[in-house]
Every structure is written in structure tokens, then in C-alpha cells.
Amino acid sequence: MERSTFVYDGDCAFCTRCAEFIERHIPTSARVVPWQFADLAALGLTEDECEQAVQWVGADGVRAAGPDAIARLLGASGPLWRVAGAGLRFPPVRAAAWPAYRWVARNRHRLPGGTAACAVPSARRD
């Protein structure tokens, strides 16, 4: 793969706003693409994985999900963002990041910019 790819849920307004923030403010060579428009098979991803969490597929083939994907994206960005990415990989921070990420994923339809389309089906929240 030529370049890394960060995949998010394009049906979710909250996720889309976060992706727009990335594109405007975080200098990265990674593609930032909604999973609905990505070639998931070429990336080695499934719809289920993409519905559960954001995904990172590195140019080197490394894959990550959720806060680990965000850490990878930040690590592949400008100097200050790389520091934030390293902080997110720090074991105590990473341990707290996963429950926080899951809470945000479950409640993203209630967050600023969120809409009913952001709600993860209840079968997937458990």
C-alpha cells in the first residue's frame, strides 16, 4: 500500500466533524476516508470492524482500531501531534482511552454534531 489510511463512519455527523477537523488541522499524509467510500477488501477491513471503531491501515500493513488508530494517525502527523500520539500509546493513558472511546462511540449521537444516524445499533453497544 502506498499510503496509510484512516477510516471512519461517514454516516455519523460527529465522526464526520472529527474527520473534517483532522483534514483541516492535523498535517498527515494519511488518507482520511469514510468506510462507506473505502475499498474495504483492499484494506483488509470488514463493515463490522468499521461500524465498531475507526480504523488505521498503515502503508506498512499495520492495522489498529479505536484509540490505537487515532494514536497511529497522530504519530504519522506533524511534530506536536506526534507527541500527542505517543502520549495516547503510553500504557496508563491507553488503558483509559479504550473505555473512553467506547463511551464516546455509544453516545456519539448525543455529542455536538451528532445525529440519530450516529447511533450505533443497540446489538453492537453491548
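The legends below describe views of a predicted model.

**View 1. Overall composition of the protein.** The predicted chain contains 7 helices and 4 strands. Read from the N terminus, the elements follow the order β-α-β-α-α-β-β-α-α-α-α. Of the 126 residues, 40% are classed as buried. The accessible surface is about 7,100 Å², and carbon and sulfur atoms contribute 58% of that area. Among contacts with a separation of 6 or more, 58% are between residues 24 or more positions apart.

**View 2. The open sheet.** The 4 strands are arranged as β2-β1-β3-β4, and their pairing is mixed. Strands β2 (31-34) and β4 (63-65) each have a single partner strand and lie at the edges, so one side of each has no neighbour in the sheet. On average, neighbouring strands are turned by 20° against each other, with direction ignored.

**View 3. Pairing of β1 with β2.** Strand β1, residues 5-8, runs parallel to β2, and 4 bridges join the two. Within this pair, Phe6 is placed opposite Val32 of β2.

**View 4. Helix α4 on the sheet.** Helix α4, formed by residues 66-75, packs on the sheet. The strands touched by α4 are β1, β3 (55-57) and β4. The direction of α4 makes an angle of about 125° with that of β4.

Key. Residues numbered from 1 in each chain as written. Predicted model: local features only at pLDDT ≥ 70, side-chain atom pairs only at ≥ 80, totals over all residues. Heavy atoms only, no water. Pairing = 2+ DSSP bridges. Axes fitted to C-alpha atoms, helices over the stretch in contact; angles between N-to-C directions. Contact = heavy atoms within 4.5 Å. Buried < 20%, exposed > 50% of the residue type's maximum accessible area, 1.4 Å probe, protein only. Areas by Shrake-Rupley, 256 points an atom, 1.4 Å probe, with all protein chains shown as cover.
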